[in-house]
Amino acid sequence: MKIAIIGTGNLGLSIAKGVLHSNGATSMYMTKRNIESIKDFESYGNVMVTTDNREAVQQSDILIFAVQPGHFAQILEDIKDLLTEKHVVISTITGFSIAKIESIIGKDNYIVRSMPNTAISVGKSMTCICANEMGKKRIDLAKAIFNRMGHSLEIPEEQMQAATVICASGIAFWMRLIRATTQGAIQLGFDAKEAQELAMYTCEGAANLLVESGNHPEEEIDRVTTPMGCTIQGLNEMEHQGLSSSLIRGIVASFDKITEFKTK
């Protein structure tokens, strides 16, 4: 696949790394206004770095846009005359609807919206995807790209705002939980490096248990709790202090904020 990453900031760079590490591109164009910070990627051999979005579009089939929302419309205007039936337009821009993209480049283009998270750089992204009517013919292609870098799920476009909170902001939420577990381990006598290692690999193991077994979290909790034991004592204290309630309230608050942006 000939892939272009239009806008290689933090997210674009993560996507580029994920694609390259999974050998998911025969060639890749990476664009940025200041290319000095990404010049090293040319060492891959099949990567071209440029400031010219039009060149990247002309030389690629899959166009992944990871630019700032305020710049996206103008970039689409600048390249729309180059779009052909070979191009698949994949947007990662939060809050920029398919209808708005269609209003600029037309409904007769393959348009896909995706919401990956930064774990895409290590091949572990949870990416949500939706498409216009034309784009649905290429949805499997888009999923194949993102499945090489984690897991993808097709959802209705109206759920993309919520998916942004759960999957993109969710990385930060889980990092905070891992940090708190690390701090607890330090208080129990581990040094900082050991504490973080214990926390992050236990978190990874918990997630993999659910992925591999398909079980509900409570089933796995039951496996490690015994009557009057230390696990249930700790869980109950966490719930008394509002663990689940705080998480849910935080998720809803984040969703309320992203919805506020959409309505402005």
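This is a chat about a predicted protein model and some of its features.

Biologist: Hi! What kind of model is this, and how are residues numbered?

Modeller: It is a predicted model, where local features need pLDDT of at least 70, side-chain atom pairs count only at pLDDT 80 or more, and totals for chains, interfaces and linings use all residues. Residues are numbered from 1 along each chain as its sequence is written, and side-chain values use heavy atoms, with hydrogens and water left out.

Biologist: Thanks. How many helices and strands does the protein have?

Modeller: There are ten helices and eight strands. These are DSSP runs numbered from the N terminus: helices are H or I with at least four residues, strands are E with at least two.

Biologist: And what does the C-alpha trace span?

Modeller: About 70 × 40 × 35 Å along the principal axes.

Biologist: What percentage of the residues is buried?

Modeller: Of the 264 residues, 38% are buried. Buried means under 20% relative accessible area, exposed means over 50%, and partly exposed is in between (1.4 Å probe, protein chains only).

Biologist: Let's pick one residue. Where is Asn117?

Modeller: Asn117 sits in the loop between strand S6 (110-115) and strand S7 (125-131).

Biologist: Is Asn117 buried or exposed there?

Modeller: Asn117 counts as buried because its relative accessible area is 5%.

Biologist: Which residues is Asn117 in contact with?

Modeller: Leaving aside neighbours within four places in sequence, Asn117 is in contact with Lys124, Ser125, Met126, Cys167, Ala168 and Ile171. Contact here means heavy atoms within 4.5 Å. Separately, the C-alpha atoms of Asn117 and Thr127 are 6.7 Å apart, and these two residues are ten apart along the chain.

Biologist: New topic: how many salt bridges are there?

Modeller: The count comes to nine. A salt bridge is a side-chain nitrogen of Lys or Arg within 4 Å of a carboxyl oxygen of Asp or Glu.

Biologist: Which residue does Arg113 pair with?

Modeller: Arg113 pairs with Glu157, at 3.0 Å from N to O. This pair links distant parts of the chain, 44 residues apart: Arg113 is in strand S6, and Glu157 is in the loop between strand S8 (150-154) and helix H6 (160-187).

Biologist: Are those two buried or exposed?

Modeller: Arg113 has a relative accessible area of 7%, so Arg113 is buried. Glu157 is at 26%, so Glu157 counts as partly exposed.

Biologist: What about Lys193 and Glu197?

Modeller: Their side chains also meet in a salt bridge, at 4.0 Å from N to O. Both lie in helix H7 (residues 192-213), four residues apart, which is about one turn of the helix. Lys193 counts as exposed because its relative accessibility is 65%.
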